[in-house]
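Subject: Structure handover

Hello,

Here is the structure I promised to pass on. Please open it first, then read my notes below.

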Amino acid sequence: MLKRIPTAADLVVAVDLPKPSTICTEEGYIKWMEDRTLWYARELLGTGVSIKVERNSLVCGYGIVSKLHKLGYPVFLDLKLVTTIDTAKGHVNDLRVFKPEMITVSSQCSVAALKELKDGLPKTEILLLTVLTDQHEDRDASLQAADKALAAGLGGLVCAPMEVAMLRK
């Protein structure tokens, strides 16, 4: 039996688009990515979900966030930022303009850089990645990432399914 998710707002739909093999120009690629991202968004109008935008769709620039906001979507930018405290300030300046509701950051960031992002983007949920899904499970790295997220006061973690039980303890 399937369980119902309480509200559509609890769902984030990933618009992870592969690079098309038939488009040869930079302009064509950027236009195709923006068109496809917005096509998916229009298909989901009225469902109440959030849209996750990952790096391929960001070839369109952060302006894609504004276009999704105009359609009524909360936006989750899956940036996987790896940053120092100095570059975090630059990210804050860029992202403050576009106001994404959520972003991901790498566990390689220092606690100070994570705090800089959190403080500079108070209306954006900052989520720390424990380990990338294509990496092998590393219990210690996952626990260190969770400790770092807590120390920085972040909103949560993005983790692999096999990490959930361990991280809840």
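Leaving aside its neighbours within four places in sequence, which residues is T104 in contact with? They are F76, L77, D78, L79, K80, L81, L127, L129 and V158. Contact means heavy atoms within 4.5 Å.

Before the rest, some ground rules. This is a predicted model, where local features need pLDDT of at least 70 and side-chain atom pairs count only at pLDDT 80 or more, while totals for chains, interfaces and linings use all residues. Residues are numbered from 1 along each chain as its sequence is written, and side-chain values use heavy atoms, with hydrogens and water left out. Helices (H or I, at least four residues) and strands (E, at least two) are DSSP runs, numbered from the N terminus.

The sheet

6 strands form an open sheet. Their order is β1-β2-β3-β4-β5-β6, and the pairing is parallel. Two strands pair if DSSP finds at least two bridges between them. β1 (12–15) and β6 stand at the edges with a single partner strand each, so one side of each has no neighbour in the sheet. Neighbouring strands are turned by 30 degrees against each other on average, direction ignored. Axes here are lines fitted to C-alpha atoms, for helices over the stretch in contact, and angles run from 0 to 180 degrees between N-to-C directions.

β1 and β2 (residues 50–54) pair over 4 bridges. A14 stands opposite K52 in β2. Helix α2 (residues 63–70) lies across β2 and β3 (75–81) and runs at about 160 degrees to β3.

Two residues inside

T104 is in strand β4 (residues 102–105). T104 has a relative accessible area of 0%, so it is buried. Buried means under 20% relative accessible area, exposed over 50%, and partly exposed in between (1.4 Å probe, protein chains only). The T104 side chain reaches the backbone nitrogen of K80 at 2.9 Å.

K52 counts as buried too, at 12% relative accessibility. Its side chain makes a polar contact with the side chain of D78 at 3.1 Å. A polar contact is a pair of N or O atoms within 3.5 Å; within protein, one must be able to donate a hydrogen and the other to accept it, and residues adjacent in sequence count only if both atoms are side-chain atoms. K52 and D78 are 26 residues apart along the chain, yet their C-alpha atoms are separated by 6.6 Å.

Helix α5

α5 (residues 139–152) has 14 residues. At 1.5 Å a residue it should span 20 Å, and its end C-alpha atoms are 20 Å apart, which agrees. The expected span is 1.5 Å times one less than the number of residues. The buried residues of α5 are S142, A145, A146, A149 and A152. Seen down the axis, they fall within an arc of 135 degrees, so they line one face of the helix. That arc is taken from the directions from the helix axis to the C-beta atoms. They pack against α4 (111–120), β5 (125–129), β6 (156–158) and α6 (164–168). On the other side, R139, D140, Q144, D147 and L150 are exposed.

Positive phi

Most residues other than glycine have a negative phi. K80, in strand β3, has a positive phi of about 55 degrees although it is not a glycine. K80 is partly exposed, at 35% relative accessibility. K99 sits in the loop between α3 (85–98) and β4, also with a positive phi, near 55 degrees. K99 is exposed, at 56%. Just after α5, G153 takes a positive phi of about 75 degrees.

Best wishes
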